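Welcome! Please take a look at the sequence and the structure, and then we will walk through a few places in them together.

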Amino acid sequence: MAAIRLLKVSFIVALLVLATLNLAACHKDPTGGNPSGPTDGKERDPHIVPRPDGLKENPKFVSPPTLGKPIYACSNSITVQNFIPGAKIEVFIDGAPAPNPAFIGQIPTPGQVHDVGAPFTAGQVVHVTQTVNGATSAPSNSVTVTSHTADFPAGLPKPRLFKNPLFQCGHAVLAEDVVPGSDVRFDAENPLGGGGFSPAVKVGGFQASTEWGLNWSGVNPEFELGARISATAQLCTDVSPRSDLEITVPPPAPVPPGTVGVPVIEGQSLVTIYGAGGPGDPPEHGAIVTVYDGASAVRGKSAIPGGVPHTLGIGPPAAVGEKLSVTQTLCNESKPGDPTTVSPCDDMPAPVIKAPLPGDNKVYVITQIPGSEILVFAGAEEVGHASGAVINLSRPLMDGEVVTVIQRLGKCTGKLAYQIPVECALGSAPGACSGDWPAFRQNGLRTARQVQISPLGDPYAVKTLSVKAKVTAPDGDTFTASPVIYGFRVFIGSSNGHVYAFKSDFADGDKPLWQYPPAGESALQSSFTCNPSSMGVAASVAIGTSKEHGALVIVGAPDRGRPDDPGGKFGAGLGSGRVFALNPNTGALVWKTRDEIARLSGTASQDKSQFHEQIGYSAPLVLDGKIYVGIGDHCDNPIQNGQVKAINLENGALVPGFTFQSTNDRGGGVWTFVSGGLAGGIVTTTGNVKSGTASEPSVNNALSMVRLNPNTGVLEGKIQPVPYVNDSDPDWSAGASLIAASCGPISASTMKDGWSYGGNLGGPLSFRWQYPNTAYPFLPMDGLNHGDIRYHRAGAAWNDLYITMTGGPEVVEQDSPTSIFQGYQRLHALNVCAGSGNRVQWVAHLNPYTNPVTNTHDWGLGPPTITDGIVYVGTNRGILLALADPSVWPAQAARCTLPTLANADCVAGGYQLVPNPTVLKTLDLGGQIVRSEPALANGFVYVSNSFGTLFRIGPEGTK
C-alpha cells in the first residue's frame with residue numbers, strides 16, 4: 001500500500017498543506033529582513049521585532065505531537081501531526097508499545113499516517129510521543145478507540161473523487177467523504193471499442209486519515225484517456241457504495257508550469273508548490289511535479305493531487321543563491337516556471353501566530369517556513385517547541401505574559417521574532433476569558449465562544465451529556481432571556497419581569513438565591529406589549545466591574561416605577577426602558593437610571609404623537625466603563641427612530657456627548673445588542689425605515705450594520721445593502737459578531753432577508769463580502785424578497801468561521817414560495833477570509849431535529865454557541881444539539897450548498913460541495929429552544945426552553 005500511496009524519488013514526499021498555512025495572503029506581510037519597517041510600502045506588523053536576547057531554551061524539552069481522532073475499531077492506522085521533522089514518533093496502545101512501535105516523522109502538517117501493525121479494537125487507548133536530539137516529549141492527547149457505527153449508523157458514506165476533471169496521464173487522485181481508518185481503493189475501467197469498458201482494475205488505495213489532505217493515493221498505471229474512475233471504502237465488514245464515476249479527459253495543452261512559494265531559506269528541505277500563477281493558483285490534478293535547480297538537477301519529484309497548494313520534499317536542502325523552478329507533467333512535461341531564488345538565513349521572516357488568550361494551552365501558527373521548528377517562549381521560558389500548524393504548550397498561558405515566537409531551520413535561527421502579549425481581547429466583561437459566561441454571546445465581541453478548554457469541547461465527553469438538574473421561574477413564566485454565569489451564580493430574567501440568581505450548581509427544584517425586584521415591589525413590565533420583546537426582562541443581563549462598586553449585574557428592562565421614584569412612577573408610569581445595576585451576591589439595587597433610556601409615553605396603537613420605544617432584546621454591552629444599549633420599538637407600532645444609548649457604569653447617568661440616531665425622521669430601530677472590544681469601535685445593526693416614512697430620510701442609517709465611535713456615537717462607516725425602495729421590512733436584527741480573523745478584524749452578521757455580510761472592521765467599517773454573492777448594494781426593485789423573513793438569530797465565531805442561520809442560494813433561486821425560509825433548519829459556517837467561491841466551509845442540515853417550517857414567522861433554530869469546534873444549538877422541537885466542526889470530528893457525506901441540486905450537478909451548477917457536520921449528541925428538553933442560547937460555562941451547558949425551565953447539562957462523571 002505504501003508504494004501505491006506515495007510515489008517517491010529518494011526521500012521526497014508530497015503532501016497537502018493545511019489551510020492555516022495559506023492564510024498569509026490575507027495577513028499583513030512580515031517585514032522580512034528589515035525590522036524597522038518594510039521597504040515596499042506595505043504596512044509594518046508591529047508584532048514583528050528583532051529576536052530578543054535572554055530567551056532560555058531547554059534542550060531537554062520538546063512539545064507533544066497531536067494524535068488525530070477518532071480512531072475506529074478494525075482500522076490499523078493513526079495520523080500524527082505537529083512534530084519536528086526527523087523526530088522519532090513512538091506509538092503506545094494501552095500504555096505498551098504498538099506492534100509497529102515507531103516511525104520517523106517527515107511532514108508535520110497536515111501530518112503523517114502510520115500503520116501500527118494490527119487492527120484496533122474498541123476500548124483501546126492510544127497516545128504518541130516524539131523524541132528529538134535525546135529529548136522526549138510528554139504524551140500527546142489520548143484517543144479511545146470506538147466503533148464507526150456510532151457516528152455512521154447508516155453505514156459508510158459513498159466516497160467522492162476530488163476536483164474534476166481527472167486527466168489522461170494523471171498519477172494521483174484524492175477522495176473525500178471517507179471515514180478515518182477505512183480502506184479506500186481506486187479502480188479504473190479502460191475504454192474499449194464500441195463504447196464499452198474493460199473490467200475494473202485497482203490502480204491505487206490508502207487507509208483514510210483524520211486529515212482531509214492525506215486522503216489521496218498515487219495511481220499505477222497512469223490514467224488512460226476516456227477511462228472510468230471510481231472509489232470504494234471498507235471498514236470492518238462495512239462496505240461503502242461505489243463513488244460516482246468520473247471519465248478522464250485530455251490534459252491542458254500546453255501543460256502549465258508550477259512555481260515554488262517564497263521565501264525559500266537556506267537549509268529548507270520542504271517547499272510549497274503552486275501553479276504557474278503562484279498563491280491562489282493550485283497545481284494540476286494528478287500531475288507529476290518536478291523541482292529543478294539552476295543546473296537542471298532534479299531536487300524533488302512526486303505525483304500530487306491538485307486543487308490546493310502542496311508541500312514537497314527536496315534534497316539536498318536548499319542552498320543560498322540557488323534558483324528553484326517547477327514543471328508539471330501530464331503526458332508531456334511543461335516548461336519550467338519562474339524560478340525562486342533561495343535566500344540566506346538572515347532573510348528568514350518571523351513566524352506569525354494567532355493572538356493568544358489567557359488559558360490557551362496551544363499556539364496556532366498562521367505562517368511559517370514549511371518544516372521549520374517553532375519555538376514559543378512565555379517571557380523567557382520555553383513553553384513550546386515543535387513544527388506544524390499547532391504548537392502544544394507545556395502549560396497554559398497567563399494573562400499579561402508576553403509570548404515570543406521564533407523559527408529555526410537546522411542551524412539557521414531567524415533574527416526576527418513575533419511578539420505579542422497574552423490578554424483577554426474579548427471586551428471588558430469580567431470572566432470573558434475564564435470559564436464563565438458573563439454576557440449574552442459570552443463576551444463583548446459577541447462571538448458566542450467559550451475559550452477555556454473543558455469537556456464541552458471534547459467529542460467523547462459530549463456524547464455522554466445528560467441533564468443534571470433543572471429549575472423553573474418562580475413567577476411561573478417563561479425565559480426569553482438567556483442565562484449568564486459569573487462567580488458561581490446563574491442570572492436569568494423572566495418574561496414576567498424578574499431577574500433571578502441561582503447557584504451555578506443548582507439541584508432539581510432549587511429556589512433562587514435572590515430575585516429583583518424583591519417581593520413587595522412591582523415586576524419589570526410594560527403596559528404596552530406586542531411580542532416577547534415587550535414582556536418582562538427580554539434581554540439577557542451582563543456583568544460589569546465598577547471601580548467603586550465592584551462586580552455588578554446590569555439589567556435593561558421596562559419599568560413602570562420604583563417606590564422611591566417621584567409618585568412611584570418612572571416616566572409616564574407605563575414601562576419606559578430602564579437600566580439597573582444589582583449586587584451579584586445579594587440582588588440589592590446599586591443604582592438605576594433616572595433618565596428614560598427608552599420612552600413609552602402612551603399605549604394608543606399607531607399614534608405617532610406618542611413614544612413607543614423599548615430596550616427589548618438589546619442585551620447590554622459593558623465596555624470601558626460604559627454600558628451600551630440599543631433602542632427599538634414595540635412591533636413598529638408605530639415605527640420609532642433607532643438609537644444607541646451610553647450609560648456611565650459607575651452611577652447610571654447618561655454619558656454626555658454620546659448620541660446616535662439611525663435617521664433624522666423615523667426607522668432604523670436597534671433591535672439587538674451592541675458589540676465592541678475590537679479595533680476601537682462599537683458595532684450594531686438597524687431595522688427598517690420605509691414603513692414609517694413617506695420618503696427616504698435625508699439621514700438614513702436604517703437596514704445597516706454600523707460602526708460608531710464609542711465615545712461620541714459618531715458614525716464610522718456602514719454596510720447598507722438594501723436600498724430604501726426595496727425595504728419590505730427586512731430588519732437587520734441578528735447583531736454583529738466581531739472576529740479577530742487571520743485577514744484582520746471582521747464584523748459579520750446576517751440580515752433578516754437571509755443574506756449574510758462581512759465587513760472590514762478597522763475604521764471605517766467597509767463592505768468585504770456578501771453571501772450568497774448576489775449584488776452589493778442590491779439593485780432597486782430587484783425582484784428579490786427583502787421582507788420580514790426571520791433570519792435574525794445571532795451567529796457565533798470560531799477562528800475564521802462565522803456560524804449562522806442564513807438563507808443560502810435558495811433566497812436567490814426562489815423556486816417556490818417556501819424556498820426563502822428553508823435555511824431556518826440549517827447552520828452555515830462561512831469563512832470570513834475566503835473568496836466567494838470558497839466561502840462556505842460546511843452546512844449542518846438539521847431538518848431531522850426541527851419541526852417543519854411553514855411560514856416566514858417560524859424558524860427552526862436558536863442562536864448557536866461554540867467551544868473548541870463543538871457547536872451547540874437549540875431547535876423548535878425543544879432539542880439541544882451538539883455538532884462538531886469537521887476539523888475536530890469526521891463529517892457526514894457532503895451536500896450541495898443548493899440542497900435541491902444533486903451532488904453530481906453541484907459544482908457544474910456554480911455551487912459548492914461541503915461537509916455536513918456530525919451531530920454528536922441530542923437532548924430532548926421539550927418546548928422550544930429558539931430564543932435562549934446554550935451558555936457554556938465551567939464544563940456545563942445552561943439553557944432554557946419555552947416552558948420556563950432552566951437546565952444544567954453536563955458530561956458523564958459530573959453531578
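Predicted model: local features only at pLDDT ≥ 70, side-chain atom pairs only at ≥ 80, totals over all residues.

A search of the whole structure turns up 7 disulfides, and three of them are described here, among them the link of Cys74 and Cys236.

**The link of Cys74 and Cys236**

- The sulfur atoms of Cys74 and Cys236 sit 2.0 Å apart, and the two residues form a disulfide.
- This pair ties together distant parts of the chain, 162 residues apart. Cys74 is in the loop between β3 (66-67) and β4 (77-81), while Cys236 is in the loop between β16 (228-235) and β17 (238-239).
- The link of Cys74 and Cys236 is right-handed, with 100° about the S-S bond.
- Are these two cysteines buried, partly exposed or exposed? Cys74 has a relative accessible area of 35%, so it is partly exposed. Cys236 is partly exposed too, because its relative accessibility is 32%.

**The link of Cys530 and Cys635**

- Cys530 and Cys635 form a disulfide in which the sulfur atoms are 2.0 Å apart.
- Cys530 is partly exposed at a relative accessible area of 31%, and Cys635 is partly exposed at 29%.

- Cys433 forms a disulfide with Cys424, and their sulfur atoms are 2.1 Å apart. The link of Cys424 and Cys433 is right-handed, with 90° about the S-S bond.
- Gln452 belongs to the loop between β34 (416-421) and α2 (459-462). Gln452 counts as buried because its relative accessibility is 19%.
- What does Gln452 touch, apart from its neighbours within four places in sequence? Its contacts are Pro358, Gly359, Cys433, Ser434, Gly435 and Thr867.

- Three strands make up an open sheet with antiparallel pairing, in the order β11-β12-β15.
- Why is one side of β11 (160-161) and of β15 (216-218) left without a neighbour in the sheet? Both strands stand at the edges, and each has a single partner strand, so one side of each has no neighbour there.
- β11 pairs with strand β12 (residues 172-176) over 2 bridges, in the antiparallel sense. If you find Leu161, you can trace its bridge to Ala175 in β12.

**Leu913 and its surroundings**

- Leu913 is found in strand β65 (residues 913-916).
- Between Leu913 and Asn903 there are 10 residues in sequence and 6.9 Å in space, taken from C-alpha to C-alpha.
- Setting aside neighbours within four places in sequence, Leu913 is in contact with Arg160, Arg895, Cys896, Asn903, Cys906 and Val907.

Conventions
Residues numbered from 1 in each chain as written. Heavy atoms only, no water. Helix = DSSP H or I, 4+ residues; strand = E, 2+ residues; numbered from the N terminus. Buried < 20%, exposed > 50% of the residue type's maximum accessible area, 1.4 Å probe, protein only. Contact = heavy atoms within 4.5 Å. Disulfide = S-S within 2.5 Å. Pairing = 2+ DSSP bridges.
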